[in-house]
Amino acid sequence: MFKKARLKLTGWYLLIIMSVSILFSLIVYQESTLELGRGLRMQALRFNSRERVMEITSTNQPPHPFDISVLEEAQKRIAMQLLFINLGILILSGLSAYFLAGKTLKPIEKVLDEQKRFISDASHELRTPLTALKSEIEVALRDKKLNLKEAQKLLQSNLEEVDKMQSLSNYLLTLSRYQNTQLKLDHEIVKTSEAIQQALINTKKIASIKNIKIFSKGKDVELETNYVSLVELLTILLDNAIKYSRKEGSIIISTKSDKRKVYISVSDEGIGIKASDLPYIFNRFYRADISRNKTQVEGYGLGLSIAKSIADMLKGKITVESRPNKGSTFQLIFSLRV
Ligand code: ADP
């Protein structure tokens with residue numbers, strides 16, 4: 001598909017360049033032959049009048065005409081030269097138009113590829129709970145002796161699968177919201193302590209299930225940002241820190257600032273991230289193998305890509321440092337005023 005589009009675009013580029021070049025050549029040809037004709041006529045005129053003055057020839061001899069074959073010869077030469085120039089332009093611009101068309105289409109191709117991958121990943125993630133749901137219902141329908149207790153158990157399991165799909169669709173909606181370049185977030189003065197407090201409330205339940213202690217230290221800083229998005233971002237980082245921590249572990253949220261920036265970090269003592277995984281963890285649907293296999297932690301690999309989109313939207317930065325089996329520190333950096 002892109003090969004065809006590239007050739008088409010090359011054709012359009014060439015059409016524009018060659019139209020300009022041919023038009024320019026026609027003008028040059030027209031003007032130069034006119035100028036040449038005028039020059040030759042002037043020359044003939046001057047020649048005739050000089051001969052008359054010098055009275056070398058008899059007076060009844062006709063004036064010396066200018067030689068038309070000289071003009072024709074010159075016209076032919078100009079036309080040939082212009083033809084060669086145009087051929088050169090055609091070859092050169094053809095090659096550069098093909099190269100430029102490739103360059104123009106490259107980012108579009110990349111976005112389309114990404115979109116295709118995104119759709120296929122999202123469908124794949126949706127298919128897993130849907131398949132589980134379908135097979136559970138089918139098995140139950142075939143069971144003639146299904147009693148109320150078993151039916152309730154089945155519905156409970158169905159509900160879990162529905163919850164997974166709901167959470168995936170929520171993730172996808174949040175991601176598309178923050179990746180929408182048209183989105184304009186309102187900014188207000190936000191106290192970091194309040195945003196952290198709200199993120200702690202949001203993750204309280206899962207932290208208590210694993211009996212994880214969370215400490216918040218450092219100063220309370222005021223910054224100009226969007227409160228809801230900052231809370232959402234902190235919640236994702238805290239949620240991950242809890243998910244990838246061992247039971248009874250501890251997490252530290254610390255805040256510091258200098259004259260222009262505020263630094264909020266979330267550190268855990270959990271499973272950590274391998275150096276080879278680090279460059280990819282912010283990619284959509286990326287999950288390190290260790291999270292998929294060993295620990296069986298639930299997730300879709302969308303949290304950090306949402307976190308990155310929020311940080312970008314808030315004109316901030318998100319960095320990570322991690323060591324396997326030692327823990328991870330995610331740091332957010334924001335300007336105090338935007
Ligand atoms: P999810 O947690 O749903 O898998 P994320 O996008 O939030 O998706 O994270 C991507 C991957 O980065 C995770 O699968 C995990 O491998 C790794 N990761 C993120 N946060 C942490 C953390 N605090 N500790 C260890 N690994 C983490």
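What covers the buried residues of helix α7 includes α3, α5, β6 (317-323) and β7 (327-335), where buried means under 20% relative accessible area, exposed means over 50%, and partly exposed lies in between, with a 1.4 Å probe and protein chains only. Before I go on, please keep in mind that this is a predicted model, in which local features need pLDDT of at least 70 and side-chain atom pairs count only at pLDDT 80 or more, while totals for chains, interfaces and linings use all residues. Residues are numbered from 1 along each chain as its sequence is written, and side-chain values use heavy atoms, with hydrogens and water left out.

Helices (H or I, at least four residues) and strands (E, at least two) are DSSP runs, numbered from the N terminus. In α7, nine of the eleven residues are buried, including Gly 303, Leu 304 and Met 313. After α7 comes Lys 315, which has a positive phi, near 60 degrees.

Let me turn to Asn 226, which sits in the loop between β3 (222-225) and α5 (227-243) and, at 10% relative accessibility, counts as buried. Which backbone nitrogens does the side chain of Asn 226 reach? It reaches that of Val 228 at 3.3 Å and that of Ser 229 at 3.0 Å. Leaving aside neighbours within four places in sequence, Asn 226 is in contact, meaning heavy atoms within 4.5 Å, with Leu 185, Asp 186, His 187, Glu 188 and Leu 314.

Now to the rings. A search of the whole structure finds four aromatic pairs; rings of Phe, Tyr and Trp (its six-membered ring) pair if their centres lie within 6.5 Å, and planes under 30 degrees apart count as stacked, over 60 as edge-to-face and the rest as tilted. One of them joins Phe 118 and Phe 285, whose centres are 5.7 Å apart and whose planes stand at 45 degrees, so this pair is tilted. Phe 118 belongs to helix α2 (residues 68-142), whereas Phe 285 lies in the loop between β5 (261-268) and α6 (289-292), 167 residues apart. Phe 285 is buried, at 6% relative accessibility.

Another pair, Tyr 171 with Tyr 300, is edge-to-face, with 6.1 Å from centre to centre and 70 degrees between the planes. Because Tyr 171 lies in helix α3 (residues 148-178) and Tyr 300 in the loop between α6 and α7 (303-313), the pair ties together parts that are 129 residues apart in sequence. Tyr 171 is partly exposed at 25% relative accessible area, while Tyr 300 is buried at 11%.

Methods. Polar contact = N/O pair within 3.5 Å; in protein donor to acceptor, adjacent residues only side chain to side chain.
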